Amino acid sequence: MQEPPTFLIPLVVLVPFGVILVFSRISGWNLLAEHYPPTGDLPPTKKRMGYGVFRGWIGYNGGIIVGSNAGGLSLRAMPLLLSFCHRPIFIPWSEISRIEERSGWKGRTWAIRTRRAADVDFALRPSTFQVVRDDAKSAGVPGEY
């Protein structure tokens with residue numbers, strides 16, 4: 001059996017990282033992180049391997065760590081695989097203008113609209129949103145949930 005050309009080995013390793021880097025930019029994750037960087041300790045983790053959808057088609061399926069408390073919602077990317085280009089996000093509840101249920105070709109989700117990054121379309125899948133729902137309600141975030 002013939003060995004693959006040497007240049008293919010780094011290419012096979014680097015292409016997936018390049019794709020993840022591009023998706024972090026076009027998904028809006030980085031824009032959210034710019035507007036909502038953590039300023040202290042993040043809320044306690046409520047779900048590892050959470051599911052979310054950005055821009056209506058970029059799925060972070062099992063790749064999000066979600067936390068919340070009375071102060072707000074935190075999103076982090078899974079360590080190693082995604083975290084090298086996905087900074088942590090902390091969105092105070094007061095910065096969320098609305099949470100609403102919607103259905104699309106990727107299924108049912110809970111869309112979260114922020115004030116400072118209103119053009120970033122992101123949503124959590126029902127099983128992931130469920131763990132932060134009570135904190136959002138208690139904070140008085142507008143929505144139908």
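Is E95 buried or exposed? Hold that thought, everyone, and I'll come back to it after the overall layout.

A word on the source: this is a predicted model, where local features need pLDDT of at least 70 and side-chain atom pairs count only at pLDDT 80 or more, while totals for chains, interfaces and linings use all residues. Residues are numbered from 1 along each chain as its sequence is written, and side-chain values use heavy atoms, with hydrogens and water left out.

Seven strands make up an open sheet, in the order 4-3-2-1-7-6-5, with antiparallel pairing. At the edges are strand 4 (89–92) and strand 5 (96–104), each of which pairs on one side only. On average, neighbouring strands here are turned by 35° against each other, direction ignored. For the terms: helices (H or I, at least four residues) and strands (E, at least two) are DSSP runs numbered from the N terminus, and two strands pair if DSSP finds at least two bridges between them. Angles run from 0 to 180 degrees between N-to-C directions, using axes fitted to C-alpha atoms, for helices over the stretch in contact.

Look at one pairing with me. Strand 1 (residues 45–54) and strand 2 (residues 58–68) are joined in the antiparallel sense by seven bridges, and V53 stands opposite G59 in strand 2.

Now for helix 3, residues 126–138. This helix lies across several strands, including strand 1, strand 2 and strand 6 (107–114), and it runs at about 115° to strand 1.

On to the charges. We have seven salt bridges in the structure, each being a side-chain nitrogen of Lys or Arg within 4 Å of a carboxyl oxygen of Asp or Glu. One of them joins K46 to D135, with the closest N and O atoms 2.6 Å apart. K46 lies in strand 1 and D135 in helix 3, so this pair ties together parts 89 residues apart in sequence. K46 is partly exposed at 37% relative accessibility, whereas D135 is buried at 17%; the cut-offs are under 20% relative accessible area for buried, over 50% for exposed and partly exposed in between, with a 1.4 Å probe and protein chains only.

And here is E95 again. E95 is buried, with a relative accessible area of 16%, and forms a salt bridge with R116 at 3.2 Å between the closest N and O atoms. E95 sits in the loop between strand 4 and strand 5, and R116 in the loop between strand 6 and strand 7, so the contact ties together parts 21 residues apart in sequence. R116 itself is partly exposed, at 45%. Elsewhere, R98, E100 and E144 are linked in a salt-bridge network.

Last stop, the rings. There are six aromatic pairs in the whole structure. Rings of Phe, Tyr and Trp (its six-membered ring) pair if their centres lie within 6.5 Å, and planes under 30 degrees apart count as stacked, over 60 as edge-to-face and the rest as tilted. F129 and Y145 have ring centres 5.8 Å apart and planes at 90°, so they are edge-to-face. F129 is in helix 3 and Y145 in the segment after helix 3, 16 residues apart, and both are buried. Ring pairs also link W29, F54, Y60 and F122 into a cluster.

Definitions and conventions. Contact means heavy atoms within 4.5 Å.
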